[in-house]
Amino acid sequence: MKNSFKINALNAYLLIVIIGSYCLAGAYYLIFPEKDPTSFTIMAVLYMYMPFLSALLVDKFLYKRSSLKSWAINFRPNWWYLAAWPAVIIVAYLVLAVNLLWPDISFSSEMTGFWQRMAEQMTPEQVEFQKAKLDSLPVPYIYLMIGQTLIAGLSINAMAAFGEETGWRGFMVREYKHLKFWDAALRIGIVWGIWHAPLILMGHNYPQHNYLGVGMMVVWCILLSPLFLFIRMKTHSTIGTSILHGTLNASAGIPLMFLVGGNDLNLGVTGFAGFIVLALVIAIMVVYDLKVAKQSITNRTLIEGISN
């Protein structure tokens with residue numbers, strides 16, 4: 001009797017996205033071992049589109065399935081887009097406040113910590129030039145930064161994040177549609193975090209602690225995952241989570257502008273302060289969902305939540 005090996009769509013996707021992404025990062029490292037900022041940015045954007053390309057390969061070429069609708073790519077807005085866009089900036093300021101509880105971290109209105117970090121990447125002349133540019137602005141830079149964050153989160157950052165979201169909250173949500181909310185969120189979060197590993201090892205997000213940073217990123221993605229999944233269900237769209245993702249990335253630098261001291265494990269949105277704030281936001285989300293919302297999402301399967 002002839003046996004044939006079969007692999008389901010989800011496992012095929014996981015193999016392709018992890019192996020393909022890691023190979024892309026490895027090839028980049030071999031070609032650009034110095035990791036200059038321009039080439040790394042280009043590679044990182046390509047890396048962010050690996051989940052999209054992997055899902056497209058599985059659906060279109062391996063299983064001949066329609067993708068657009070099943071990945072929840074639609075532009076029908078609702079009020080939950082506000083939680084996915086301007087409300088995200090509140091998280092950045094909560095992180096700043098929590099970070100000030102650390103004994104070795106302090107607030108600086110002159111952005112002392114920011115300039116210290118810039119001095120590690122620029123020449124003294126370049127730092128002075130950037131300081132002069134900020135001093136010449138007609139309004140305080142913080143207002144411009146908020147405006148830039150909102151614009152980037154809705155445009156260029158959302159476009160880059162779309163590459164990830166069609167994979168994590170599009171393809172994988174469809175494949176996990178019969179799982180309970182928390183089970184699906186945990187599984188997606190673990191994959192999402194592990195997928196980041198090559199970028200973290202190259203110094204992204206945790207340049208002072210590359211190896212510990214891989215574990216930190218996995219925990220961070222696990223904490224983010226239920227929030228992203230909740231917005232995916234409420235907006236009924238991966239466009240909503242792309243905006244959330246893009247705005248979160250754009251606002252991550254806000255606490256770092258005004259904090260002095262600390263390190264990449266405890267500082268900012270991706271540090272322990274960010275973990276505390278995300279846990280608080282998750283608690284608020286659960287209370288709202290179970291006590292306020294007309295129909296709960298977090299105690300149902302994904303398909304039941306999508307049907308609401």
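Which helix gives the most to the lining of the second largest pocket, and with how many residues?

Analyst: Helix 15 gives the most to the lining of the second largest pocket, with six residues. This is a predicted model, in which local features need pLDDT of at least 70 and side-chain atom pairs count only at pLDDT 80 or more, while totals for chains, interfaces and linings use all residues. Residues are numbered from 1 along each chain as its sequence is written, and side-chain values use heavy atoms, with hydrogens and water left out.

Helices (H or I, at least four residues) and strands (E, at least two) are DSSP runs numbered from the N terminus. A pocket is defined on a 1 Å grid over the protein atoms alone, as an open set of points where a 1.4 Å probe fits, with protein on both sides within 12 Å along at least five of seven lines; its lining residues have an atom within 4 Å of a point. For the volume, grid points are joined across faces, edges and corners, and the space filled by probe spheres set on the points is taken.

On that basis, the second largest pocket has a volume of about 500 Å³. Its lining comprises 20 residues, and those nearest the centre are Ala83, Ala87, Val91, Leu227 and Val281. Two or more lining residues come from each of helix 5 (88–99), helix 12 (210–235), helix 13 (238–251) and helix 15 (272–292). The lining divides into 20 nonpolar residues, with no polar and no charged ones; here Ala, Val, Leu, Ile, Met, Phe, Trp, Tyr, Cys and Pro count as nonpolar, Asp, Glu, Lys and Arg as charged, and the others, Gly among them, as polar.

Ile7, Leu15, Ile19, Leu57, Phe61, Leu62 and Tyr63 form a nonpolar patch with about 630 Å² of accessible area together. Patches are made of residues with over 30% relative accessible area and no salt bridge, with nonpolar side chains (Val, Leu, Ile, Met, Phe, Trp, Tyr) joined within 5 Å and like charges within 9 Å. The areas come from the Shrake-Rupley method with a 1.4 Å probe, and for residues only the protein chains shown count as cover. Helix 1 (9–31) and helix 3 (50–62) each give two or more residues to this patch, and helix 3 supplies the largest share, three residues. Leu57 lies in helix 3 and is partly exposed at 34% relative accessible area; buried means under 20%, exposed over 50%, and partly exposed in between (1.4 Å probe, protein chains only).

Most residues other than glycine have a negative phi. Lys35, however, has a positive phi of about 55 degrees; this residue is in the loop between helix 1 and helix 2 (37–48) and is partly exposed at 28%. Lys64, in the loop between helix 3 and helix 4 (81–84), likewise has a positive phi near 55 degrees, and Lys64 is exposed, with a relative accessible area of 64%.

The charged residues remain to be described. A salt bridge is a side-chain nitrogen of Lys or Arg within 4 Å of a carboxyl oxygen of Asp or Glu, and by this rule the count comes to seven. One of them joins Glu175 to Arg65, with the closest N and O atoms 3.1 Å apart. Glu175 lies in helix 9 (residues 156–175) and Arg65 in the loop between helix 3 and helix 4, so the pair ties together parts that are 110 residues apart in sequence. Both partners are partly exposed, Glu175 at 26% and Arg65 at 28%. Glu175 also meets Arg174 in a salt bridge of 3.0 Å, N to O, and Arg174 is buried at 15% relative accessible area.

A further salt bridge pairs Arg187 with Asp183 at 2.9 Å, N to O. These residues both lie in helix 10 (residues 181–195), four residues apart, about one turn of the helix. Arg187 is partly exposed at 37%, as is Asp183 at 29%. Elsewhere, salt bridges that share partners join Asp59, Arg65, Arg174 and Glu175 into one network.
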